[in-house]
Amino acid sequence: MTTTPLSQSTPDTRPLNGPLDAKAFDAPRIQLAGVVDYAMYDRFRLQLDQAPATGLVVVELSTLGGDPEVARMMGEDIRFHSDLNPARRFVFLGKAAIYSAGATFMSFFAIPNRYLTRGTRVMIHERKMDKMLHVAGPLTTCVASVRAVLHELEHSIAIQNEGFENLVRGSQITMEDVLRRAPENWYLEAREAKAKGIVHDVL
């Protein structure tokens, strides 16, 4: 007797609440690996559009980082579709490495919907800027140029900290912990991430 694999038209009838075991992750509906960029976003949207409209939707990710704004775009899509259809449960599965922008994406999932495979590392760090500021011209123009860069820094920090707050909300990690550790790149092994409460379980 043969079994039919889960397809895009077949909803996953496994639990929409409560803890999940390893069997729930045997057929991720969305599988992503590599740099978080617009090419990944295209792959993400294609798979999201093909995922069932109800049931469990596992989103598997492995990444060494990338564009934090793309990570936020993917996260907002998860939030929007979760709000749009409560009959869908989006669950995050991090594999091997969830660095930088990967942690930003993970922050859009509620802690009960965050899982890591054994040995996975989560890396949290501050956003980085690489920009030369050349000041030349009338003094008022120079002041405006400096203020523009300062405003960019201030708003980037605000957006970054919103992501940090989403990541640690409901866990044993405080914002003070993140702001102290993030500048030097903070690595959390899967079991430590679970112990500190930023993920639900390790598979």
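Q: What is a salt bridge?
A: A salt bridge is a side-chain nitrogen of Lys or Arg within 4 Å of a carboxyl oxygen of Asp or Glu. Side chains of opposite charge can pair when their charged atoms come close. Here, Glu 184 forms one with Arg 181, and their closest N and O atoms are 3.9 Å apart.

Q: What kind of model is this, and how are residues numbered?
A: The model is predicted: local features need pLDDT of at least 70, and side-chain atom pairs count only at pLDDT 80 or more, while totals for chains, interfaces and linings use all residues. Residues are numbered from 1 along each chain as its sequence is written, and side-chain values use heavy atoms, with hydrogens and water left out.

Q: How many salt bridges does the structure hold?
A: It holds eleven. One of them joins Asp 77 to Arg 45, with the closest N and O atoms 3.4 Å apart. That pair links distant parts of the chain, 32 residues apart: Asp 77 lies in helix α2 (residues 68-84) and Arg 45 in helix α1 (residues 38-50). Helices are DSSP runs (H or I, at least four residues), strands likewise (E, at least two), numbered from the N terminus.

Q: Which residues are linked with Arg 45 in a network of salt bridges?
A: Asp 49 and Asp 77.

Q: Is Asp 77 buried or exposed?
A: Start with the cut-offs. Buried means under 20% relative accessible area, exposed over 50%, and partly exposed in between (1.4 Å probe, protein chains only). Asp 77 counts as buried because its relative accessibility is 12%.

Q: How do I read the pair of Arg 191 and Glu 189?
A: Look at distance, then at cover. The closest N and O atoms of this salt bridge are 3.3 Å apart. Arg 191 is exposed at 64%. Glu 189 is buried at 15%.

Q: Where is Trp 186 found?
A: In strand β6 (residues 186-189). Trp 186 is buried, with 4% relative accessibility.
A: Met 129, Leu 150, Leu 153 and Ile 157 make it, and its area is about 330 Å². Patch residues have over 30% relative accessible area and no salt bridge; like charges are joined within 9 Å, nonpolar side chains (Val, Leu, Ile, Met, Phe, Trp, Tyr) within 5 Å. Leu 153 sits in helix α4 (residues 139-168) and is partly exposed at 35%.

Definitions and conventions
Accessible areas come from the Shrake-Rupley method with a 1.4 Å probe; for residues, only the protein chains shown count as cover.
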